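Reader: I'm new to this one. Can you put it up and walk me through it?

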Amino acid sequence: MAADRFPSGEHDAQDDPRPGATGAVGPVVITPMRRRHLRSVMRIESQAVHRGWSVGLYLAELRREQDRVYLVAKIGSDVVGFGGLLLQDEDAHITTIGVDEVKHGQRIGSRLMLALARAAIGAGAQNLTLEVRATNEPAIKLYRRFGLAPAGVRKNYYADIGEDAIVMWGHEIDSPAYASRLAAVEADIDARTGTTTTLEGFEQ
């Protein structure tokens, strides 16, 4: 699979509260990632427990507009999270997702996952997949919420930290049942945070 070359960037994506999380979340805006966002993206990358992506890799990915989707989540002018998607025939591969460590517990990861899943569906994908560190239980829990289930293991996928990856898949994401799942996730985000997510800069 083409996405094997990515050192998947789930970066401890989680929605459970943790020490250091700050204040109530403000209005969250999700918008396409641009070059101007990369300094903030790299700041969040630096918080990862495993080696993250380089600026050069992000620049190369952003040029591939036909089969890639890259998003950032913002609160005010601050980038607080990001995510990416590779589109390949009927499959969509979440290549990277990261959340600023001081914003964990504020459903930023869920908001990004929701936007990426809907982007995949909009592009005609039927299946959704990603890799996640085998010990990253909060992230695995988050991805299960989106209907992804473990389907295999990639040994030593995160070679810089000597850790395996669990490969997770979700199928029939273009079905009415999956649309209902996403609607329920969105309603839960709204109820728990008291805010909705706004999409900006997307073609209508």
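Reader: Is glutamate 186 buried, partly exposed or exposed?
Author: Glutamate 186 is partly exposed, at 28% relative accessibility. Buried means under 20% relative accessible area, exposed means over 50%, and partly exposed lies in between (1.4 Å probe, protein chains only). This is a predicted model: local features need pLDDT of at least 70, side-chain atom pairs count only at pLDDT 80 or more, and totals for chains, interfaces and linings use all residues. Residues are numbered from 1 along each chain as its sequence is written, and side-chain values use heavy atoms, with hydrogens and water left out.

Reader: Which side chain does glutamate 186 meet in a salt bridge?
Author: Glutamate 186 meets the side chain of arginine 118, at 3.2 Å from N to O. A salt bridge is a side-chain nitrogen of Lys or Arg within 4 Å of a carboxyl oxygen of Asp or Glu.

Reader: Where do the two sit?
Author: Glutamate 186 is in helix α5 (residues 176-193) and arginine 118 is in helix α3 (residues 108-122). The pair links distant parts of the chain, 68 residues apart. Helices (H or I, at least four residues) and strands (E, at least two) are DSSP runs, numbered from the N terminus.

Reader: And how exposed is arginine 118?
Author: Arginine 118 is partly exposed, with a relative accessible area of 35%.

Reader: At what angle do the axes of α3 and α5 cross?
Author: At roughly 155°, and the axes come within 10 Å. Axes are lines fitted to C-alpha atoms, for helices over the stretch in contact, and angles run from 0 to 180 degrees between N-to-C directions. That makes α3 roughly antiparallel to α5. Angles under 35 degrees count as roughly parallel, over 145 as roughly antiparallel, 65 to 115 as roughly perpendicular and the rest as oblique.

Reader: Which residues of α3 and α5 meet?
Author: From α3, Ser110, Arg111, Leu114, Ala117, Arg118 and Ile121. From α5, Tyr178, Leu182, Ala183, Glu186, Ile189 and Thr193. Contact means heavy atoms within 4.5 Å.

Reader: How many of them are nonpolar, polar and charged?
Author: The contact has 7 nonpolar, 2 polar and 3 charged residues. Ala, Val, Leu, Ile, Met, Phe, Trp, Tyr, Cys and Pro count as nonpolar, Asp, Glu, Lys and Arg as charged, and the others, Gly among them, as polar.

Reader: What about α3 and α4?
Author: The axes of α3 and helix α4 (residues 137-145) come within 11 Å and cross at roughly 40°. The two helices are therefore oblique to each other.

Reader: Which residues meet there?
Author: Gly109, Ser110 and Met113 in α3 meet Leu142, Tyr143 and Arg145 in α4. By class, that contact has 3 nonpolar, 2 polar and 1 charged residues.

Reader: Back to salt bridges. How many are there in the whole structure?
Author: The search finds 9.

Reader: What is the N to O distance between glutamate 61 and arginine 68?
Author: 2.6 Å, in a salt bridge between their side chains. Glutamate 61 is buried, at 2% relative accessible area. Arginine 68 also counts as buried, at 7%. Glu61, Arg64, Asp67 and Arg68 are linked in a network of salt bridges.

Reader: Which residue pairs with arginine 133?
Author: Glutamate 163, in a salt bridge of 3.7 Å from N to O. Arginine 133 lies in strand β5 (residues 127-133) and glutamate 163 in strand β7 (residues 163-171), so the pair ties together parts 30 residues apart in sequence. Arginine 133 is buried, at 6%. Glutamate 163 counts as buried too, at 12%.

Reader: New topic. What is the phi of aspartate 89?
Author: A positive value, about 55°, although aspartate 89 is not a glycine. Most residues other than glycine have a negative phi. Aspartate 89 is in the loop between β3 (78-88) and β4 (91-99). The residue is exposed, with a relative accessible area of 70%.

Reader: And asparagine 156, where is that?
Author: In strand β6 (residues 149-158). Asparagine 156 also has a positive phi, near 55°. Asparagine 156 is partly exposed, at 42%.

Reader: Last one. How many helices and strands does the protein have?
Author: 5 helices and 8 strands. Of its 204 residues, 50% count as buried.
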